[in-house]
Amino acid sequence: MRTLGDAQGHMFDAAAARREFPILDQQVHGKPLVYLDNANTTQKPLAVIEAMDRYYRLDNANIHRATHLLSERATKAYEGARERIARFFNARESAEIVFTRGCTEAINLVAHSYARPRLRAGDEILLTRMEHHSNIVPWQLVAEQTGAVLRVVPMDQDGVLDMAEFARLLGPRTVLVSVIHVSNALGTVNPVREMMALARAAGVPVLLDGAQAAPHMPVDVQELGCDFYACSAHKMYGPTGIGALYGRRELLESMPPWMGGGDMIASVSFEHTEYNAVPYKFEAGTPNIAGVVGFGAAVDFLSRVGMQEIAAHEGALLDHATEALGAIEGIRLVGRAPERAGVVSFLVGEVHPHDVGTFLDQDGVAVRTGQHCAQPVMDFYGITSTVRASFGLYNTHADVDALVASVKRVQQFFA
Amino acid sequence: MDLRDLYQEVILDHNKRPRNFGVVEGGSQAAGHNPMCGDRVSVSVRMADGRVAEARFTGSGCAISKASASMMTEVVTGRTSEDVRILFTTFQDMVTGKSEADDEKVGKLVVLAGVSEYPSRVKCAMLAWHALQAAIDGAGTTVTTE
């Protein structure tokens, strides 16, 4: 066990944090579990599990609809979580947080409700080479429907975006910039502040895909100045099936509803329907109430641990892993941007990542292998897949040592 | 379960030195794709008198998918398309654990029986077989494991 201090001198105790995650205390294939697949999904702390359990045991009812006490409690739990999530991202008000099924749905909401009505043939959406499929395909769908065109900012061999090209591609026809904040495949932390400054000067709104950033670093949407920010709870120690879109109120108000149904309306007749106010007009139907409760508990947990502390701790783990793996002959690191978070992607000589993954699993080390829903990134490097180890706040330096030792055994086995 | 049961020497050998790697000129060809890991394998066959006269494969994949493809091209050569269809099912039943490994039925493919202990790897072992079946059927399209 090691403890680490960040620049402010706060101490972070990963071993103590680990005790809040009961799932980590188990053996797989007779070995202690070393969970390094956090970019895929994180494990859930007791605080989240218990909040959801308590909700179903004590408070469960439909929200915004009934006059009885349970419904009041459920509504309070749901809207209280929205307020805490708004505070977590420093939104101006909770109405700027729209609940979605996850980051993917949040991006799709912007694509279909913000972009599609505005796009004319020849208009452009600016993306980058390192986008996750969920920040490519929604734009292709609306581009097909409107005749708009996708422009792609290139990157270099280290996995760093070409900012000169970004500035050049940001043109008079650009309707929206949509950029991954932290690359899930490479770990690159993109220069979003610089991008925001250029986009603001050009008067172009920006959506940040924060799925891999929100769990690893403080995110302040006002300080970033972004127009939209998308995230998934399950990568932030919360439950699956719930996420959020932050949107500036003016933009959200300008957008038509995406799905119709109950709770998103003010009045309905067969002749005419008045929509509810933001954010409700985007939340048709009975939502994932327990999921929102769990999401709220997750951001409380993250705030309690401290995002600065988490960033410092995980940064140290990433440095350790990058250095130790990089020192092994035959290991190729994929993505070597100076600014990275949470993720180390690599290849073990000629051994296929799938074989590496099976081998590591037998040693108790859980990683992801494959193309990480980022096929254009794999194509860029001329590879089909990588092994990806990704860190969470409960990982320790002993976990990194276990990974490195297992990778060395893979090399011996397939020598 | 020991990893040596999955990665038997024969498998590691076929992975390093795949047999029948290449394309049958003028043969019927079909590709298999595993979108999960990005693996691709293409199988081409030449049929003569209702039998597989020649089968070859190309592509990139893990040790299991490469060894499975390599051994498959060896064992199907000389068999009728009906035989291949039966072997496909027998092999699939073995790697999915539906039936016991029986070397009288599957011959040397029995070394891939260990796959049944690793459900996530079944697709790797089956990829080339799906492509082969499509090539024999003359479908000529990309099949996926999904």
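I began with Cys373(A), which is partly exposed because 18 other C-beta atoms lie within 10 Å (buried means 20 or more other C-beta atoms within 10 Å, exposed 12 or fewer, partly exposed in between, with C-beta atoms placed from the backbone). The model is a predicted one, in which local features need pLDDT of at least 70 and side-chain atom pairs count only at pLDDT 80 or more, while totals for chains, interfaces and linings use all residues. Residues are numbered from 1 along each chain as its sequence is written, and chains are lettered from A and ligands numbered from 1 in the order in which they are written.

I then looked up the backbone of Cys373(A): phi is near 50°, a positive value in a residue other than glycine. Cys373(A) sits in the loop between β18 (368–370) and α13 of chain A (helices are DSSP runs of H or I with at least four residues, strands runs of E with at least two, numbered from the N terminus).

For chain B I noted Asn20(B), with phi near 55°, again positive in a residue other than glycine. Asn20(B) counts as buried because it has 20 C-beta neighbours inside 10 Å, and it lies in the loop between α2 (9–16) and β1 (28–34) of chain B.

I checked peptide bonds and recorded a cis bond joining Val278(A) and Pro279(A), with omega about 0°. Pro279(A) belongs to the loop between β14 (273–275) and α10 (289–305) of chain A.

Next I traced a sheet of chain A. Seven strands form an open sheet with mixed pairing, in the order β6-β12-β11-β10-β9-β7-β8 (two strands pair if DSSP finds at least two bridges between them). Its edge strands are β6 (97–100) and β8 (149–153) of chain A, each pairing on one side only. Within the sheet, I found β9 (residues 174–180) and β10 (residues 206–209) of chain A paired in the parallel sense over four bridges. Val179(A) stands opposite Leu208(A) in β10(A).

I turned to the domains of chain A. The assignment gives domain 1 (3–43 + 306–413) and domain 2 (49–304), with bounds from an automatic or database domain assignment. Their contact takes 25 residues from domain 1 and 26 residues from domain 2 of chain A (contact means C-beta atoms, placed from the backbone, within 7 Å). On the domain 1 side, α11 (307–326), β16 (343–348) and α13 (375–381) of chain A each give two or more residues. The largest share of that side, five residues, comes from α11(A).

Finally, I recorded the chain contact: twelve residues come from chain B and twelve residues from chain A.

Definitions and conventions. Contact = placed C-beta atoms within 7 Å.
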